[in-house]
Amino acid sequence: EVRHCIMVKPGESGEVRYVASHPIPLEKHREFLEREFPGYQPIPLADTGLAAEQLSASVLPPHTAVIAMKRAADLFGLSVIRTALPK
């Protein structure tokens with residue numbers, strides 16, 4: 001079973017305006033995202049690891065969170081702000 005987390009750049013746990021990930025997790029967790037981050041804009045990317053890598057490299061806009069597995073946070077130095085997202 002895949003356990004997705006929401007991660008941000010360290011020190012950026014404030015307002016989330018964008019959420020980047022593969023389209024499947026974006027859709028799978030859409031209701032949760034709408035509830036937690038009203039008005040957020042999804043950023044669909046080729047895969048969750050790419051989203052984490054781009055967030056770490058400041059390719060994505062400020063105030064962006066990423067949906068990926070916790071391992072991506074460890075690999076790219078990101079901070080997990082929510083674990084085990086509901087379906």
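Buried means under 20% relative accessible area, exposed means over 50%, and partly exposed lies in between, with a 1.4 Å probe and protein chains only. By that rule Tyr-40 is buried, with a relative accessible area of 11%.

This is a predicted model: local features need pLDDT of at least 70, side-chain atom pairs count only at pLDDT 80 or more, and totals for chains, interfaces and linings use all residues. Residues are numbered from 1 along each chain as its sequence is written, and side-chain values use heavy atoms, with hydrogens and water left out.

Helices (H or I, at least four residues) and strands (E, at least two) are DSSP runs, numbered from the N terminus. Two strands pair if DSSP finds at least two bridges between them.

**The sheet**

- Five strands make an open sheet with mixed pairing, in the order β3-β2-β4-β1-β5.
- β3 and β5 (79-82) are the edge strands, and each pairs on one side only.
- On average, neighbouring strands of this sheet are turned by 35 degrees against each other, direction ignored. Axes are lines fitted to C-alpha atoms, for helices over the stretch in contact, and angles run from 0 to 180 degrees between N-to-C directions.
- Strand β1 (residues 4-8) runs antiparallel to β5, and three bridges join them. Ile-6 has Arg-82 in β5 as its bridge partner.
- β2 and β3 pair in the parallel sense, over four bridges. Here Ala-20 stands opposite Ile-43 in β3.

**Strand β4**

- Strand β4 covers residues 64-69, and five of its six residues are buried, so the rest of the structure largely encloses it.
- β1 and β4 run antiparallel and are joined by four bridges. Met-7 stands opposite Val-66 in β4.
- Strand β2 (residues 18-21) pairs with β4 in the parallel sense over three bridges. Ala-20 stands opposite Val-66 in β4, and Val-19 stands opposite Ala-65.
- In a regular strand the side chains alternate between the two faces of the sheet.

**Thr-64**

- Thr-64 belongs to strand β4. With 1% relative accessibility, Thr-64 counts as buried.
- Which residues does Thr-64 touch, not counting residues up to four places away in sequence? They are Met-7, Val-8, Tyr-18, Ala-20, Ile-43 and Leu-55. Contact means heavy atoms within 4.5 Å.
- A polar atom of the Thr-64 side chain lies 2.6 Å from the backbone oxygen of Pro-61. A polar contact is a pair of N or O atoms within 3.5 Å; within protein, one must be able to donate a hydrogen and the other to accept it, and residues adjacent in sequence count only if both atoms are side-chain atoms.

**Helix α3**

- Helix α3 (residues 48-56) has Thr-48, Ala-51, Ala-52, Gln-54 and Leu-55 buried. They cover an arc of only 165 degrees around the axis, which puts them on the same side of α3. The arc is that of the directions from the helix axis to the C-beta atoms.
- An α-helix has 3.6 residues a turn, so residues three or four places apart point the same way.
- What do the buried residues of α3 pack against? Their partners are β1, β2, α1 (23-28), β4 and α4 (70-76).
- At the start of α3, a side-chain oxygen of Asp-47 comes to within 3.0 Å of the backbone nitrogen of Gly-49.

**The loop between α3 and β4**

- Most residues other than glycine have a negative phi, and most peptide bonds are trans.
- Ser-58 is not a glycine, yet its phi is positive, about 60 degrees. Ser-58 sits in the loop between α3 and β4. Its relative accessibility is 47%, and Ser-58 counts as partly exposed.
- His-63 also has a positive phi, near 70 degrees, and is a residue other than glycine. The loop between α3 and β4 holds His-63. Is His-63 buried or partly exposed? His-63 is partly exposed, with a relative accessible area of 30%.

**Back to Tyr-40**

- Where is Tyr-40 found? Tyr-40 is in the loop between α2 (30-36) and β3 (41-44).
- Beyond its neighbours within four places in sequence, Tyr-40 is in contact with Arg-17, Val-19, Arg-30, Leu-33 and Glu-34.
- Tyr-40 and Glu-15 are 25 residues apart along the chain, and their C-alpha atoms are separated by 9.7 Å.
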